[in-house]
Amino acid sequence: MRYFATIEGEEYIIDIGKETISVGDETYHVDFMDLAERGMFSLLINNRSIEAVVEEEDEATSVLIKGELYSVKVQDERTRRLAEARGETADSGGELVIKSPMPGIVIATPAEVGQVVEKGDQIIILESMKMENELRAPRGGIVTRVAVTPGTSVEKDQVLAIIGDEEES
Amino acid sequence: MREDGLLTRKFDKLLIANRGEIALRILRACKALGIQTVAIYSDADRDALHVRFANEAYYVGPSPSRESYLRIDKIIEIAKKSGAEAIHPGYGFLAERAEFAQACVDNDIVFVGPPAHAIAVMGDKLRARETVIAAGVPVVPGTEPGLTDKELLTEAHKIGFPLLVKASAGGGGKGMRPVFEASELENAIAGAKREAASAFGDDTVYIEKLITEGRHIEIQLLADAHGTVLHLGERECSLQRRHQKVIEECPSHVVDEELRQRMGAVAVAAAKAVDYVNAGTIEFLMDKDKNFYFLEMNTRLQVEHPVTELVTGVDIVQEQLRVARGRKLRLTQEDVTMTGWAIECRINAEDPYNNYLPSTGTITTSRVPTGPGVRVDSGVFPGYTVSPYYDSMISKLICYGETRGEAILRMRRALDEYRIMGVKTNIPFHQHMMESHRFHTAQFDTNFVEEKFSMDQKEADHQLEAAIVAALVAHRQSQKASQIVAPGERDTSNWKWYSRWERLRR
C-alpha cells in the first residue's frame, strides 16, 4: 500500500509491502513492533534499531525519535485523492489557524488583517507563565483575521488569528 | 535563639513549603535522616509525587501560587496543625521572603535557611552592595545614584569606558545606555534620563562599568550557626536565556585552584558580613581578564545545587537540615575537594524551534535516562499536567564524568535516551549545545545563548525513519479499520488481530 508522508515540506512516498518498505528507489527490510507501553514502537530497519514514541493528532502524527519531535502528515492514495479534489496539498495551502498554545492574556497583535506576513513574523504576543511569548507565523501568507485584541484573556486552543494563502486573495 | 532571629533546634518532623522536583529532593534528604515529612498541595497538585512520597499531605489552596504556595498564614497554620517543627522553603515561592523566615521563628518553627535579617539585607540591592563593599568584596565599579550631570561626567572618566548609564528605577533594559567612548557620554545620559522619566517617572541615573564577555560564576556556601562558613567551589552558569539559567556545570573551565580559593574566600567574607547561616550562593560576574565582581547573594538552596553535590560528594540538602538542627558542620575547608565534572541540563516544557514558547499539556510518556553517571531530579510522570500556574521545568538532567569530556558524552547519551511525549521540550536545544564547538571549548559568555546560538543548523537526523514510522502506524490503523468492518471477524479482538498481523508479516 502506498502512503505519502510529509515532514516540513519534504514528501516521502512510502510503499508498504509484506516484509519490506520502499521509499523512492530504496527498499528496506523492516520489522515494526507495537510495544506494550503506550505510544511506543520499535522499528528495525535493515536491522538498524529505532525506538519511536507516536501520538496521533487531528492534523498530523507526532513522532519522537532520539529527542527530536517530528510532525508528519500522512495520506494514503484515497485520502490524497480526496484532498486533491478539495484543492489541497499536504505541504501547504488552505487556511492556517493560529491557536493559543496555553491560557494567557494577549499583550499585542503586531499583525493586522490584510497584512502579508513571512514565516517567522510576529502575529500575536501572549503573556502566560509570567512570560511574554511571541507567536510567529509558521509559514508565509496573508492575515485574514485577527480574533483578539490586546487585553483579551484566552483559553488554550482558542483561535487568535488566521493566515490565508497570499495568492488566493 | 540568636538576636538576628535565627532558631536552630533538633526536629523530627518537617513541612516542605514547595512542590515539584525540589519538594522531592527535600523529602529524600529527610528520609535519609529519619525526619517525618509533611507536604502541602494546591488544587493542581493533588496527584503530585511530593504528595505521594510524603508521610502526610495537607491541602493549601487553589492552583494559583499566590493563593496556595505563597500563603504564609496557611502554611504556618498547617505546620502547627500537623505538628511540623521545621519548614524547608525550597527555592522560589517563599524561599527569599524575610517575613516568612520571621513568621516561622515567631511561631517557634525552625526555618531551614538563613536568619530573616540576612535575607532582608541581601534581598535589597543597595544594602547588599554597601554591606559587601564594607567587607572588602569587589563590586562592579560604579557611582551612587543621584549625582549631577557634571559629577557623572567626572566619575565616568575615573571608571573608564565602556560603561553603562542605568536608571535607578530601571528594569528590563529600559533607561539603559551603553557608552563606548567619552564623546557619546552626554547624549547617553540625556537619553537614559528621558527614557527613565517616561518609563518610571523618575529620571535618576547612575553609571556602572560595562563588563563585556562576562561569565556568570557562583560560589556555593555552607555555614553553621556556630560561626563556620565553608565554600564548596564554583559553578559556571553562563548559559542563560532571558536571565534564566539553562545549563550549569561544576567546576568552571576558566577557574583554577588558586582563583577558586580566592573567590571562595571573598564569598565567605560576604556571607560573614550578614552573619549568614545555612546554604547560600554568591553570584559573581567575571570579565575576560578573570576579574570578578559581586552580583548578588541567593539566600537559599539553588536549582543547580546537584552539580556541586556530584563533584564534592556533599549532600547539600542534608547539610542544610543538620545545620538547622543546630549541628556543627562536619567538614573543614580542607576536607572539601572537587573530583571530576558535572553538567546539568534543565529540561523545560518549551519549543526550541518556536522561540522557546512554553508548552502546556499532559505528559503521556516519561522515561528518564539511567546508567553510569546519570542523575535525574524530576517531579513529573505520565499523566502529569504541565500547567500555566507554575514554572515550565520538567526535570534536571545531571551527568557526571571523570573529565568534562566524559560528562558531555554521557549527557549526549542521556539526552538520546530521554523520552518525553505530550509536551514539547528543549531536549533538542541541549543536544545541539552538547554538539557545539563553542560548548566543547567552553568559549561562551552570558549572551551566548541569546545572541550567538541558533537552532537553525541542528540536523534532524531521523526524518526518514519518522516518515516510515508514521506511515506504518497509519497502515496499521487502516488495516485494523477494514478488519473491524469485515463480516465474520467481529468477535476477533483487536489484540488478537494485532498479534496475527505481526505473525503474518514475519
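Reply: Strand 1 (residues 13–16) and strand 2 (residues 36–42) of chain B pair in the parallel sense over four bridges; strands count as paired if DSSP finds at least two bridges between them. Strands here are DSSP runs (E) of at least two residues and helices DSSP runs (H or I) of at least four, numbered from the N terminus. Within this pair, B:Leu15 has B:Val38 of strand 2 as its bridge partner.

The model is predicted: local features need pLDDT of at least 70 and side-chain atom pairs count only at pLDDT 80 or more, while totals for chains, interfaces and linings use all residues. Residues are numbered from 1 along each chain as its sequence is written, and chains are lettered from A and ligands numbered from 1 in the order in which they are written.

The two strands belong to an open sheet of five strands of chain B, in the order 3-2-1-4-5, with parallel pairing. Its edges are strand 3 (56–61) and strand 5 (110–111) of chain B, each of which pairs on one side only.

Two helices of chain B meet this sheet. Helix 1 lies across strand 1, strand 2 and strand 4 (86–88), and runs at about 170° to strand 1. Helix 3 (residues 72–82) packs on the sheet, touching strand 1, strand 2, strand 3 and strand 4, and its direction makes about 155° with that of strand 3. Contact requires C-beta atoms, placed from the backbone, within 7 Å; axes are lines fitted to C-alpha atoms, for helices over the stretch in contact, and angles run from 0 to 180 degrees between N-to-C directions.

The largest nonpolar core has 87 residues, of which B:Leu15, B:Ile87, B:Leu221 and B:Ala270 touch the most other members. Helix 1 (residues 20–32) of chain B gives the most to this core, with seven residues. Such a core is a set of buried Ala, Val, Leu, Ile, Met, Phe, Trp, Tyr and Cys residues joined through C-beta atoms within 7 Å; buried means 20 or more other C-beta atoms within 10 Å of the residue's own, exposed 12 or fewer, and partly exposed in between.

As for B:Ala270, its contacts beyond four places in sequence are B:Val132, B:Ala135, B:Val137, B:Ile282, B:Phe294 and B:Met297. A second, separate core of 69 residues includes A:Phe4, A:Phe32, A:Leu69 and B:Ala466.
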